[in-house]
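Here are my notes on the model below.

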Amino acid sequence: MARPIKEDLDYFPFDVDFFSDKKIKRLRASYGNDGICVYIYILCMIYGDKGYYTEYDEDLILDISDELNISENLTRQIADYLLSRSLFDDTLAQSVKVLSSTSVQRRYQEAKRGLKRDVFVKAKIWLLKKAETLSFIKVRPDDGLSRNNESFSEINDNKSEKNDTKERREKKSKENKSKVNVSDGEALLTDEQRQELVGLSSVGSVDTYTGKIIEWQKRSGKQCRSPYNTIRAWIEQDRRKQKNDKKPGDSSYDLDEFERFALNFRLSERAESEDKK
């Protein structure tokens, strides 16, 4: 008998700037630590259940209330607040009675990146667009499409399973002919480089910067010579901006400028180290 496929996760990444997020600050201001506990509890339920979603029903409310010793009425209020603030997707909760979000699904596919097999997800629940979905994630078409009209599920409806082999062959042929491989961010960084950059910033920031490099390569037809150093330079630049009380996210994406800086990043870092000796 074939071994059942494991959908859930044993653990999930937790951003170090969690409590700095404006949505989390407002959640705590409205419901105190009870609100934070309910949110984290639901995240654990999602990652420990299907991996990228969990059923949203009366049983979930009762379980949360019982486990956290919070009244059922307050638990429902907090759940409604989480949906109203887009911490979970309200449309999915109303239409198919599940809890999930784009951030949850980004973490899920990152956690599954190291597997040696494809991972199948439901089209009516998968929220990420095709450009955001990694190649090993296979969206299974079904009767109900995802709410996002530009989503992976609608673009690939009725094709993903029948033409999967053909599409991979065509994709490989196009990449071989192209001057620059910009199909996704996997080729830009090694696993070790990516983990190090996530440790310096967050999964969301690294994904954003990787996407910017891919966009620049596609537009310019050039190859970024040092993606790792370029992204690291952006992260360091953002840190300096935040220390100077500039708005978070007010980042510069001038790749030409930062690429020049990044090429000398390691050399300057080494020189500073030698000066201190």
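1. Ring pairs, terms first. Rings of Phe, Tyr and Trp (its six-membered ring) pair if their centres lie within 6.5 Å; planes under 30 degrees apart count as stacked, over 60 as edge-to-face and the rest as tilted. By that rule, the whole structure holds nine aromatic pairs.

2. Basis of the values. This is a predicted model: local features need pLDDT of at least 70, side-chain atom pairs count only at pLDDT 80 or more, and totals for chains, interfaces and linings use all residues. Residues are numbered from 1 along each chain as its sequence is written, and side-chain values use heavy atoms, with hydrogens and water left out.

3. Buried means under 20% relative accessible area, exposed over 50%, and partly exposed in between (1.4 Å probe, protein chains only). Phe18 is buried at 11%. Phe19 is partly exposed at 45%. Both belong to a cluster that ring pairs build from Phe14, Phe18, Phe19, Tyr39 and Phe88.

4. A link across the sequence. Tyr52 and Trp126 have ring centres 5.7 Å apart and planes at 75 degrees, so this pair is edge-to-face. Tyr52 sits in the loop between helix 1 (22-48) and strand 1 (54-55), and Trp126 in the loop between strand 3 (119-122) and strand 4 (137-140), so the pair ties together parts that are 74 residues apart in sequence. Helices (H or I, at least four residues) and strands (E, at least two) are DSSP runs, numbered from the N terminus. Tyr52 is buried, at 4% relative accessible area. Trp126 is buried too, at 1%.

5. Strands 3 and 4. They pair in the parallel sense over four bridges; pairing requires that DSSP finds at least two bridges between the strands. Val121 stands opposite Val139 in strand 4. On strand 3, Val119 and Val121 point to one face and are buried.

6. A charge over a ring. Arg140 lies over the face of Phe120, at 4.4 Å from the ring centre. The test asks for NZ of Lys or CZ of Arg within 6 Å of the ring centre and within 35 degrees of the ring normal.

7. Cysteines. How many disulfides are there? The count is zero, taking a disulfide as a pair of cysteine sulfur atoms within 2.5 Å. Cys37 is partly exposed at 38% relative accessibility, and Cys44 is partly exposed at 43%.
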